Amino acid sequence: MKQVVQNYKSGELSVIDVPVPGGKPGGVLVRSAFSLISTGTEMMKVSEAGMSMVGKARSRPDQVAKVMQSVATNGLPATYRKVMGKLDSYTPLGYSLCGVVEQVGAGIDDVKVGDLVACAGNEHALHAELNWVPKNLYTPVPDGLAPRHAAFGTVGSIALQGVRQGEPQLGEVALVIGLGLIGQLVVQLLAASGVRVVGADPDPARCELAERLGAVACGDPASTAVAAAVAELTGGHGVDQVYLAAGGGSNQPVELAAELSRDRGRVVDIGKCRLDLPWNAYYEKELDVRFSRSYGPGRYDPEYELDGRDYPIGYVRWTERRNLACFLDLMARGRVDVDPLISHTADFGDAVETYRRLKDGELKAVTVLFRYPDAAGDEKAQAPAVTVPAVRRGDRAPGPTRSAHAPVRLAFVGAGNYASSMLLPHLAQRDGVTLSTVVTTTALSGANAQRKFGFARATTDLDAVLGDPAVDAVFVVTRHSSHAELTRKALLAGKTVFVEKPLALTEEELAGVLAAVEESGNDRLQVGFNRRFAPLLREARSRFGARTGPASLRYLVNAGRLQHGSWYLHQGTEGSRFAGEGGHFIDTASWLLGADPVSVYAVAPAGNEDLQVVLRYPDGSTATLSYLTNGAPGFPKETLDLVADGKVLKLDDFVRASVYFASAAGRKRWVSSRLPKARDKGQSAELAAFVKAVRTGGPMPVPLESLVATTAATLAAQASLGAGAPVTLARSL
C-alpha cells in the first residue's frame, strides 16, 4: 500500500510503498476514503522539517533538553548517533480520516466489514491507504453523513474538547482568537450552544467566513473593531471566555485575552501559541487559565488508546471516542457545517505536490482533503449520478366542478417578504381572483396580510384550508425546508399548487412529492421559476430565433452578501443559498436552450458560497452559471449571454436586451430596454399563466417533467461539490 511520509532530517516528503498493517485484536483495518490535512498543526510539522538543524533546535526546545540529558547520561558520540538515526527516518503524517472497515479484529462487535468509520490519532489515522485503528480511536459514521465530512472527526473533537473546557453557558459572550480550522469549528460549536461569539484574525476572508458560520462580529486583533464589538455585546464588562486557537510566536493572543476578558473570566488554550502570561493583567482579573488536551480524556493514555480500556461514563462523561461520536452527530444533524471549510480536495496520488503548494503559499486553504482511489466509501464512487425521477401519474380523482366564470379562489401558506412584495400585489389587483385564506404560523402576521391584501380570512390551521373545497389553488411561500412537505400535502388534498423555489432540498424530498403525484393522480404543480416569463427575455429569445448548432450560455449572478441573521444562513435546515435560488438560473438556461441538462459540474473556492456551475445538454450545448457573493453592490445582479449559430443574445439585468446577428444585408442588431424602475422578472406573467391554468383546467405553464429536471440539477450541484467531479443526471425508467 502507499503512505505519505517525511524525512525529518532533510524535510523531503514522499509517497512510498509500505507493507499493509497487520490486523490485530481490539481494532479494525480501515481503507481510507478521505483524510484531512490540518493546515495548522500538520503544516507546522512540515515546515519544521525543512528548517536547518539550528532552526529545528530553536523550534523544539523541549527536544533539545532531552538531547542534553542524553549527552550527560550516554555521552556525546552515542547521543549524536541516536539523534541522527532518529532524524534520518521516515515519519508519518495525518491524524484525521474516514474510511471503510476491511477487517475486524477479535473483541470488536460494534462494527462489521463494509461499515463507514471516522478515525483519529497521529499513529492510526495516517495519510495511508490502509490503517489499523484501535477501538477507542474510531466510531461509526451516522447514516447520511458524507465521508468527506466525517473526515473532520478528529479536528472536530479537538475543537469540542476546547469548548467543553470553557464550560460555556447560554447567553454568555466568547472571544475566539485565531480563525483557522479549529477556530472556525469552535465558533460554530459555541454558536450552537447559545453563546454569542466574537472572532479575531488578521485574515479578512477568515473573519467573513466565521461571521457566516455564526460569529456576531469578527475583525483584525490589531484594530479596534474586536474591542468595540466586545464592549457593545458585554456592556463593557468583557467576554466570559476566550479561546486561544492561534499559532505562532507572537504573545499578542495572550495579551488580547487578558484585555478583553471580564473579571474572573476563563481563558482556554487550544492551539500552540506563545504563553508568556502578563502577570499583572491576569492577576488583577484573577483569570482562570485552562488547557485543552487534544481530543479529550484518554489522549496519551496507552491503556485507553491501545488496549481499549474505556473510562466509566459515570466518572468521565466525554472521552476521546465519545467526543468523536458527538461531533459526527452534530454534523449529521446540521448543527455544524464543515463544507465551507473545505478549500481543496486533492487525489491522494498528488499528495507531495499538494504539500508543496501549501508550504509555498500557492494554495491558501483552511482545510485540504485527500481523496483515495478504489475505496467503497469514496463519494466519487458513491455519487457519480443524481437520479431525475420519472413522473408517474396515477388515476386522478375527480375534483370539485367549478364554473369557468367563477373567480379563482386562492389560499396562501406563508405571507413573508417575498409573498408580500412580489406575488400578492399582482394577485390582489387581478380580476377574477379571490384571495380566500392566508395561513401563517403567527396570528398577527396573518392579520397583517388579511388587512393589506384583502384575504377573506386568516388562520393558523393548515388542515382546514387543505380540506376546504372552496379553495382552488394553494400557494406555498414558506421557508425552504417546508416546501416539499407542504406541496405533498396540498397535492394529496387535490389542490393545484404554486410553490416558490426550491421544490425540494433533497432527492428524498423530491421523491416524496412525486409519490404524492402518483398516489393522487394530481400533477397540477407549478414552481416559482419566473424568469422564463420575463417579457424582455421572451422577446429577445423570439428575436434570436431557432438554432441549428450547440450553444454556449454564460449567466453571471451577482448575488451579494446576506445580512447577518438572515434565515438563508441556516444551511443546516434551509440548505445552501444555491440550493434555494439556483433553480431560477438553471430553469432559465434550460428554457433558453430548449432542453434539460444531462450533467452538472460545480466548483467553489474556499471560505464562501461562490459557485461556478457548468451544465451540459444533450446536443452539446453548455451553460456556465457564476453565482457570486463578493461582487460590487452597484453592479447589475444578473447578466446573461447566449451564443450560437453566429448570433449573440445579451441580457442586462432585465432592463436591456440585445440580439446581434448577420443577414444578407450585413450585420444587424436588435435592442430593447426598460426604465430601471420597470425591471420585470416575469412574476406578473407567471401568475397570469398559473391563474389561467387553474381557471380553465388547461396545461400547467411549465411541464412537471421540466420542474423535476431543474430541481434534480440543482441538487446535483451540491453532489458535485461533495464528489469533486461532474455528476451525471440519470433518468429513471
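Guide: The model is a predicted one.

Visitor: Why is strand 16 called largely enclosed by the rest of the structure?
Guide: Buried means under 20% relative accessible area. Five of the five residues of strand 16 (residues 367–371) are buried, so the strand is largely enclosed by the rest of the structure.

Visitor: Why do side chains of one strand divide between two sides?
Guide: In a regular strand, side chains alternate between the two faces of the sheet.

Visitor: How do you know that strand 3 and strand 16 pair?
Guide: Pairing requires that DSSP finds at least two bridges between two strands. Strand 3 (residues 27–38) and strand 16 have five bridges, in the antiparallel sense, so by that criterion they pair. Leu 36 stands opposite Leu 369 of strand 16.

Visitor: What joins strand 15 to strand 16?
Guide: Strand 15 (residues 342–347) is joined to strand 16 by five bridges, and the two run parallel. Asp 347 stands opposite Arg 371 in strand 16.

Visitor: What makes strand 20 and strand 23 the edge strands of their sheet?
Guide: That sheet is open, with six strands in the order 20-19-18-21-22-23 and parallel pairing. Strand 20 (457–459) and strand 23 each pair on one side only. Neighbouring strands of the sheet are turned by 20° against each other on average, direction ignored.

Visitor: Which other strands form an open sheet?
Guide: Six strands in the order 11-10-9-12-13-14 do, again with parallel pairing. The edge strands here are strand 11 (217–219) and strand 14 (288–291), each pairing on one side only. From one strand to the next the twist averages 20°.

Visitor: What connects strand 12 and strand 13 within it?
Guide: Five bridges join strand 12 (residues 239–244) to strand 13 (residues 261–269), running parallel. Tyr 243 stands opposite Val 268 in strand 13. Helix 9 (residues 225–234) lies across strand 9 (173–177), strand 10 (196–200), strand 11 and strand 12, at about 170° to strand 10.

Visitor: How do you know that the span of helix 24 agrees with its number of residues?
Guide: Helix 24 (residues 683–696) has 14 residues, which at 1.5 Å a residue should span 20 Å; its end C-alpha atoms are 20 Å apart, so the two values agree.

Visitor: Which residues of helix 24 are buried, and why are they assigned to the same side?
Guide: The buried residues are Gln 683, Glu 686, Leu 687, Phe 690, Val 691, Ala 693 and Val 694. They cover an arc of only 160° around the axis, which puts them on the same side of helix 24. The face turned away from that buried side carries Lys 692 and Thr 696, which are exposed. Among the elements covering the buried residues are strand 18 (408–413), helix 16 (417–428) and strand 19 (433–439). After helix 24 comes Gly 697, whose phi is positive, near 75°.

Visitor: Why are the buried residues of helix 19 placed on the same side?
Guide: The residues concerned are His 483, Ala 484, Leu 486, Thr 487, Ala 490 and Leu 491, in helix 19 (residues 483–492). Their arc around the axis is only 165°, which puts them on the same side of helix 19. They pack against strand 18, helix 18 (462–466), strand 21, strand 22, helix 20 (507–520) and strand 23. Gly 494 follows helix 19, with a positive phi near 85°.

Visitor: Which residues have the most contacts inside the largest nonpolar core?
Guide: Leu 553 and Val 613, in a core of 76 residues. Helix 25 (residues 704–723) contributes the largest share of this core, nine residues. A second, separate core has 53 residues, including Phe 34, Cys 98, Phe 152 and Val 195.

Note on methods: Residues numbered from 1 in each chain as written. Predicted model: local features only at pLDDT ≥ 70, side-chain atom pairs only at ≥ 80, totals over all residues. Heavy atoms only, no water. Helix = DSSP H or I, 4+ residues; strand = E, 2+ residues; numbered from the N terminus. Axes fitted to C-alpha atoms, helices over the stretch in contact; angles between N-to-C directions. Contact = heavy atoms within 4.5 Å. Expected span 1.5 Å × (residues − 1). Buried < 20%, exposed > 50% of the residue type's maximum accessible area, 1.4 Å probe, protein only. Arc of directions from axis to C-beta. Core = buried A, V, L, I, M, F, W, Y, C linked by side-chain atoms within 4.5 Å.
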